[in-house]
Amino acid sequence: MAARLISRIEASLKRMKIDNYEAYMQVPEATQLYMRRGERELTNEVRQVGYSVRILKKGLGMACCNQTNDLSIKRCVTQALKMARQSKEEKLVFPTQKPTSKVDIKDQRIWNKPESVVDEFQERLVEVAAKTGVELPFAKIRAFKIRSMIVNSEGLDREKEETLFFTEICYKSSRGGKLSEFWTTRYARRLKDMSLTSIEKWAELSKANLNAKPPKTEKLEVIFSPEVACDLFVPVMNGQCTGLSLKQAISRFEEGETVADETLSMIDDGLHPFGIQSSPFDDEGNPQSRTVLIDSGVFKNRVYDQYYGLEYGKESTGNGFRQGMVSFLVDDKYRAVPRNQTSNLEIEPGKKSLEELISEIERGLLLYKFSWANPDEATGIFASEIRNASLIEKGELVYPVKGGLVTGDVFSLMKNVTGISNQPEIVSGETAFSCIAPWLRFKDVQVAGE
């Protein structure tokens with residue numbers, strides 16, 4: 001059905017004698033399970049079809065639709081053509097077909113038996129709640145099978161199949177009138193990356209916060225979890241390392257400039273096996289790649305989509321994505337315009353374990369989670385509330401910490417690295433996503449509290 005539909009869309013474009021076009025289509029199938037108060041509330045399956053058309057006719061116009069009859073297709077094409085004629089002139093050439101790399105983006109278990117994967121994960125959540133003595137008031141679990149296709153007037157013809165797993169979970173603890181919650185959202189390509197160890201940690205953190213104390217106002221050495229690193233670094237690297245940021249004149253980085261501690265290296269890896277944004281090709285059809293952004297503290301390269309690659313005379317690195325910056329688009333990805341972004345931000349691991357990083361701190365924080373971390377991508381400035389942390393004294397975890405703020409800017413953090421763990425994880429954050437990150441330790445981090 002998918003192949004026939006995109007052929008009909010392309011036929012409609014050709015009948016209207018449109019010479020420069022792109023048609024993008026996705027067919028996501030979701031198996032969903034909702035829980036309330038520890039019990040199943042709803043289980044269902046949803047299948048959707050959506051497509052968008054981009055037309056270059058002096059300007060660039062785009063329209064999208066989720067109706068598949070011939071009249072709806074014609075209306076979509078007509079609307080895109082109208083917008084193109086009314087838009088400012090754009091110098092864009094759609095991508096041609098180029099060789100792509102093979103990359104693992106499909107979990108066979110999710111693809112073949114999504115219902116059993118969802119059931120298994122639900123059972124894990126319930127078992128962990130019972131084992132740790134916490135409540136499970138809410139959970140949402142979704143397993144996706146996604147087919148995507150792209151064709152254009154340059155002869156490009158792409159198709160892929162991929163999987164995605166999503167969960168939103170709330171664990172709650174109570175004692176003597178006190179309540180504590182741990183609420184999180186996570187994305188992964190495969191169930192394996194939603195480890196039982198992580199789930200147990202989420203439940204334990206909801207209990208630990210019953211004894212949490214507010215922090216004091218002081219500068220400390222702080223260890224950030226991979227999820228927090230994702231939330232802090234992904235937006236800022238998007239604001240510094242893309243052709244878009246160069247055009248907007250917000251990038252502070254110059255190629256060959258030292259921008260971070262020599263222990264810090266970052267890579268844009270669109271080919272990492274089962275990375276959340278990994279794919280043979282981006283949402284314009286260009287091959288994705290592996291690009292070194294920062295090598296031992298030195299800024300090396302930017303990443304480009306088709307538009308900004310042409311703007312600066314560079315080959316696209318496969319970094320044109322139909323994605324938001326603080327929300328991961330799945331079902332309605334076809335509605336978004338391709339945007340120049342990083343794919344999977346990979347922070348190179350160090351040589352020490354997390355336990356070693358903790359043992360070397362005289363006084364500091366181990367920070368698991370912010371309530372909301374969304375740094376400014378141009379300035380790197382953030383001020384985020386501590387949701388889950390532990391105080392460290394003389395190399396030992398002393399007691400849980402909650403409340404107060406951690407403030408600063410990401411550019412200063414990059415120059416104040418004191419340790420990187422040897423345990424990278426494929427993670428998504430709360431306000432950013434698609435990162436392969438270890439635990440990171442920084443000095444002179446400002447904590448605001450009592």
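Strands are DSSP runs of E covering at least two residues, and they are numbered from the N terminus. The structure described here is a predicted model.

**Nonpolar cores**

- In soluble globular proteins, nonpolar side chains tend to be buried together.
- The largest nonpolar core in this model contains 47 residues. Within this core, the residues with the most contacts are F224, L232, F233 and M414.
- Helix α6, which spans residues 226–238, gives the most to this core and supplies eight residues.
- Another core, of 34 residues, lies apart from the largest one. Among its members are L125, I169, L205 and I358.

**Cavities**

- Three cavities of 30 Å³ or more are found when the whole structure is searched.
- The largest cavity has a volume of about 160 Å³. Its lining is made up of 20 residues, of which E162, R189, Q323, F328 and K333 are the closest to the centre.

**Lining of the largest cavity**

- The strands β5 (135–152) and β6 (157–175) each provide at least two residues of this lining.
- Strand β6 contributes the largest share of the lining, with three residues.
- Sorted by class, the lining of the largest cavity consists of eight nonpolar, seven polar and five charged residues.

Notes. Residues numbered from 1 in each chain as written. Predicted model: local features only at pLDDT ≥ 70, side-chain atom pairs only at ≥ 80, totals over all residues. Heavy atoms only, no water. Core = buried A, V, L, I, M, F, W, Y, C linked by side-chain atoms within 4.5 Å. Buried < 20%, exposed > 50% of the residue type's maximum accessible area, 1.4 Å probe, protein only. Helix = DSSP H or I, 4+ residues; strand = E, 2+ residues; numbered from the N terminus. 1 Å grid on protein atoms, 1.4 Å probe; cavity = no way out; pocket = protein on both sides within 12 Å on 5 of 7 lines; lining within 4 Å. Points joined across faces, edges and corners; volume = space filled by probe spheres on them. Nonpolar A, V, L, I, M, F, W, Y, C, P; charged D, E, K, R; others polar.
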